[in-house]
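Dear colleague,

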Amino acid sequence: MSEKYLPLTATIAVFSILFLTGGFLYNHFLSTLVLGDILADNAFVIIAAIGTTFVILSGGIDLSIGSMIGFVGVAMANLDLAGWHPLASAALMIVFGAGFGALQGFIIDFCEIQPFIITLAGLFLLRGACFMVNLDAVPLRHPFVSAFAGWSIPLPGDGFLASSAVVMLVALLVAVGIAHWTSFGANVYAIGGDRVSAALMGVPIRRTLVKIYALGGLYSALGGIVYALYTSSGYPLAGTGTELSAIASVVLGGTLLTGGVGFVFGTLFGGMILGLIATLINFNGSLNGAWIMISGGLLLFLFIVLQRFLIGSLRFGTAS
Amino acid sequence: MTKLTSTSLPRDAATPNRLKALLRHRMIWPGLALLLILIVDGFVSPGFFTIRIVEGRLFGSLIDVLYRAMPTATVALGMAVVIGTKGIDLSVGSIIAICGAVISWRIHAGDPHFLILLLALATGLVCGLWNGLLVAILDIQPIIATLILMVSGRGIGLMINLIYGGTNPSFLSPLLQGLSVGHVSLIPTRLIVGAGIFLALWLLIRRTAFGLFLESVGGNARAARLAGVNARMILYSAYLVSGVCAAAAGVILTADTHTSDPVSEGLYIELDAILAVVIGGGSLSGGRIYLGGTVLGALVIQALTTSILTSGLPPEYNLVVKAIVVIVVLLLQSANARAALVSLVARRKR
């Protein structure tokens, strides 16, 4: 097996082991009900993480995800008050997310500033904008919202696939298509692998970077829409810290943080591992919520060290 | 150069040159920004500059800005050292949370308070050891390496709280609270502590070879290594400095609130600290450490916050104003953006 697939294989193995462990420890854990719940609860994180995968594949980072989720929710709630149909406001938010991301990408490339600090400013700006609109949670009252939240596809067993999980899976398929079957996808991998070589080979760096961050913004806006519809409300603090979960999902999904190596598909499993840990700790009942943070950090550490040695071996491989 | 002009030109012709040199000085922009904010404050709220003596200590908005900026400035000084090596330390907020939990835990266990102070600083040192291990020994990108402690640190703080019952009971400590909210004759103690930390770091960075090594590793790690600098150890020590600075801020903040709350203590302080370094003229691409500029940067941030609060604007505007300041500062620092601005102005004139 190629070393390229090793991180992805490790991710799927960790997920399976965790899921089976849950099955040994608790009755009824190994069921489509639990699996469907994990997918539904983490759909918004995974959607945002899919967009982040492209950003990280290109060697960048996007910290504005969580604020984007909060802002989209607040904006949709207020447009709902103004009588907009949720689908219309969702379309507007998708355009806004892509535009905001594109602007970030442009500033990053044009001003040659680290993506970290520009998207940090984006984090401040969007979260501040949330607080300026309103400080309390605003409910979404349109009948479409409850119809969306109630709709689901029954799975074999007792489980069901919630609407948010369906949106997530469709978004995932689209992203996999973009990453592996378009020239844009190839350019993303090229820039992440070696930016100078990519430029010399004729990859349009600026256009690709703007598109990458636009895609990242679009997916985080979609994550925000799913979150707002799933919770039927817009809350200005929604999504706080989601950027960290999203980055962790991408890393656990086997994408190298140095860029250029990884799979969008792995991010699904990365996000589900985080969801699975939270579910296991909740099933236990006696464990404190602090364990979720610590075990998340621990897994992150293990995967980063694994990656570190993989990169080492890949480098030696090319040298010899 | 300056010697040539001052001898060959009449005395009054040299003044514009001196003005130009002053304008080119790196401290001038953050200094002017701070001055501008303070002048606006003076107009918006009369009495902003009055300093009175209340209950035997100095009191007034200016003192308040200094007082509240101290923890951020302390964290930012450590951050400036790390950023100088082309790194970043995202875990400072979590280090503060862990220190707070350790202080609260040991006080309830009945340790002598001076020992607890040392223990808190040692906690920061241990956190720095961990970050340094990942960055300098395992060669992991600093953002990601410190992200691990950032994610799990608040969890560790909560676990330490569990040791003595899982609540956040308040505590009294004459020593720690003396350092944080007390005052020596007229001056708040924490300002003296802050000045001490600044002086110690300044001596370390500017009066020993260590500072030179730090900047050389940040400028070009490979060249520094070839020149015989032990780049790994230098990089490692930068994270130790940052950890201890964060711990010092943790002592001040924990003693100020009389309790340890790992979930919210020092939340987002890493962002403010990075911002202070950037406003102070430090570049995220490393190689430069400006301690004075960093303190100015922290004061600019706090003055902005204070002026938003005193001007009667809702505090929610704080984040947006901060974001706009960051963007403007970054655009001004970028050569491309400046060139575009200049050509735009030139086209207007034509």
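**Notes on chains A and B**

Glu112(A) is partly exposed, because 13 other C-beta atoms lie within 10 Å of its own; with C-beta atoms placed from the backbone, a residue counts as buried at 20 or more such neighbours within 10 Å, as exposed at 12 or fewer, and as partly exposed in between. Glu112(A) is found in the loop between helix 4 (86-110) and helix 5 (115-133) of chain A, where helices (H or I, at least four residues) and strands (E, at least two) are DSSP runs numbered from the N terminus. Although Glu112(A) is not a glycine, it has a positive phi of about 50°.

Before going on, please keep in mind that this is a predicted model, in which local features need pLDDT of at least 70 and side-chain atom pairs count only at pLDDT 80 or more, while totals for chains, interfaces and linings use all residues. Residues are numbered from 1 along each chain as its sequence is written, and chains are lettered from A and ligands numbered from 1 in the order in which they are written.

**Chain A**

The secondary structure of chain A comes to 13 helices and four strands, and 52% of its 320 residues count as buried. Its radius of gyration, taken over C-alpha atoms, is 20 Å, which agrees with the value near 20 Å for a compact globule of 320 residues; the globule rule is 2.2 Å times the number of residues to the power 0.38. Along its principal axes, the C-alpha trace of chain A spans about 60 × 50 × 35 Å.

Ala214(A), which lies in helix 10 (residues 205-231) of chain A, is buried, with 22 other C-beta atoms within 10 Å. Leaving aside neighbours within four places in sequence, Ala214(A) is in contact with Ala98(A), Gly101(A), Ala102(A) and Gly105(A), where contact means that the C-beta atoms of two residues, placed from the backbone, lie within 7 Å.

Ser232(A), in the loop between helix 10 and strand 4 (233-234) of chain A, also has a positive phi, of about 55°, although it is not a glycine. Ser232(A) is partly exposed, with 17 other C-beta atoms within 10 Å.

**Chain B**

Helix 3 (residues 28-44) of chain B has 17 residues and reaches 24 Å from its first C-alpha to its last, close to the 24 Å expected at 1.5 Å a residue, the expected span being 1.5 Å times one less than the number of residues. Its buried residues are Pro30(B), Ala33(B), Leu34(B), Ile37(B) and Asp41(B). Seen down the axis of helix 3 of chain B, these fall within an arc of 95°, so they line one face of the helix; the arc is that of the directions from the helix axis to the C-beta atoms. On the other side of helix 3 of chain B, Leu32(B), Leu35(B), Leu36(B), Ile39(B) and Phe43(B) are exposed.

Helix 12 (residues 231-257) of chain B is mostly covered, with 22 of its 27 residues buried, and just after this helix His258(B) takes a positive phi of about 65°.

**Where the chains meet**

The contact takes 32 residues from chain B and 36 residues from chain A. On the side of chain B that touches chain A, helix 7 (142-163) of chain B is among the elements that give two or more residues, and helix 7 gives the most, with twelve residues.

With best wishes
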